[in-house]
Amino acid sequence: MRTISARSLALLLGTAPLPRPAYRGLADGIRRLVSDGRLLVGTRLPSERTLTTELGLSRTTVGAALDALRDEGFVATRRGSGSVVCLPAGPSGLALSQAGLIPTDVPPDVIDLTYAALPAAAGVTAAYERALTELPRHLATAGYHPHGLPEARAAVAAWFDGRGLPTTPDQVIMTSGAHAGLSAVLRAELEVGDRVLIESPTYPNAIVGVRRSAYRAVPTQLTARGWDVDGIELGLRQSGARAAYLIPDHQNPTGLLMPAATRRAVGDVLRGARAVPVIDETFVELGLDDGADGGPARVAPFAVSAPEAHTLGSAGKTWWGGLRVGWVRAPRGSVERVIEARHSLDLGTAVLEQLVVVDLLTQGEALLAERRREARARRDAIVEALRRHVPEWRFTVPGGGLNLWCELPDDRGDDLARVAESAGVRLARGGQFGVEGGLGRFVRVPFCVAPDQADEVGRRLAEAWRLALGERPTTREVSPLIA
């Protein structure tokens, strides 16, 4: 079981005097750490005696704080384990939904911010039209291609080559999206019950996908600055995880970009632990800030530093979510295992959509540059709107991706998501992005609405925040399903 020392807990709580009464100040401080995701669910707390000594508080004060946390559902006492961090259950709790995270319909007057996806890119319609002219030569075949169309695999391999990662078509397996690729890789490389190290926060469907495939998700905490290499090494050593799922390029939901030096260091750590790197590049082409060469800021693919990495890609975020095509770039020794595992999930990716992706990849940088300009305009508009309407929310403007990861001044993110629809906007709870819940002070705001709609989004978010802070919710609680 994960534990935290009294000294470490004291450092997390900080040196500022506790608000009065002290027991309530201590309880609020610990609850905030859980809601922020800095104190992970399942962590065993220090004994009352050691906390009393370290914090300089009376035994009565510490005991009353733990009692309050038990009453609120943030601490459970287990025989033989002491006091263990948990999350409240029930209709108003923060517990992470175990349902599959499938986007759902919303009323026409509600703006849906559970999607981190743009409308179709300029050029997609024309790509479909050209693909249709290529389709007849495939209609005389059975249409099953477990490995993928040869021309699609060649186009993806050339795309990797152009990014500095030499790749041959036989290393590419075409899939029905990056999520399908993740499932295939995990089935190919792991056994039931194996542990997978996952960033926290991260993409919720990855968490659910790991668990629903009978693997165990182990969190490694992202900091405001990014990836903690020492923390990753410690997590691997303590958990024995056999794989690590990472999003180094414009991470979802934080937008962080892993520096080249960190990629090398993390690759070395994973290699030393014999853990398979599973790298999600879903947002890699959505770098929105310019690099030294005037183009988008880029870092060499993770697999350059870790040749044993399995790299997942997708057309969905870059071009259109309805284009259900993804791919896996696999190390040579595991290609056949991934193909076999993929065959247990489906029999192949749609031929027409693969032809569309070939066309889009062939068009190259001109189409992508326009896509980035569109995403940048949407980002800048939503940033301005949030700064105007909810200036107390804190966030770092990301250099890429499609999300703002906003820190709230109070841990009312669960309340915010619950009441948001009554203010005309649907949000995902921050806890859905945590491997073990928490993150109650955070909310993800995708910048996917049109620039002229951004101010209205900001106004509705401000109204939802006012409701979360004091007004009675006017809608039933929903657990938004996320894309």
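**Ground rules.** I count residues from 1 along each chain as its sequence is written, and side-chain values use heavy atoms, with hydrogens and water left out. Because the model is predicted, local features need pLDDT of at least 70 and side-chain atom pairs count only at pLDDT 80 or more, while totals for chains, interfaces and linings use all residues.

**Helix pair.** I looked up helix H7 (residues 150-162) and helix H14 (residues 351-363), which pack at an angle of about 30° with their axes 9 Å apart. Helices here are DSSP runs of H or I with at least four residues, strands are E runs of at least two, and both are numbered from the N terminus. Axes are lines fitted to C-alpha atoms, for helices over the stretch in contact, and angles run from 0 to 180 degrees between N-to-C directions. That angle makes H7 roughly parallel to H14 (the term covers angles under 35 degrees).

Next I listed the contact (heavy atoms within 4.5 Å). H7 brings Glu 151, Ala 152, Ala 155, Val 156 and Trp 159, and H14 brings Gln 354, Leu 355, Val 358 and Leu 361.

**Sheet.** I then traced an open sheet of seven strands in the order E4-E10-E9-E8-E7-E5-E6, with mixed pairing (two strands pair if DSSP finds at least two bridges between them). Strands E4 (172-175) and E6 (216-221) are the edges, each pairing on one side only. Neighbouring strands are turned by 20° against each other on average, direction ignored.

Inside the sheet, I checked E9 (residues 310-314) and E10 (residues 326-329), which pair in the antiparallel sense over four bridges. Gly 313 has Trp 327 in E10 as its bridge partner.

Key:
Parallel < 35°, antiparallel > 145°, perpendicular 65-115°, else oblique.
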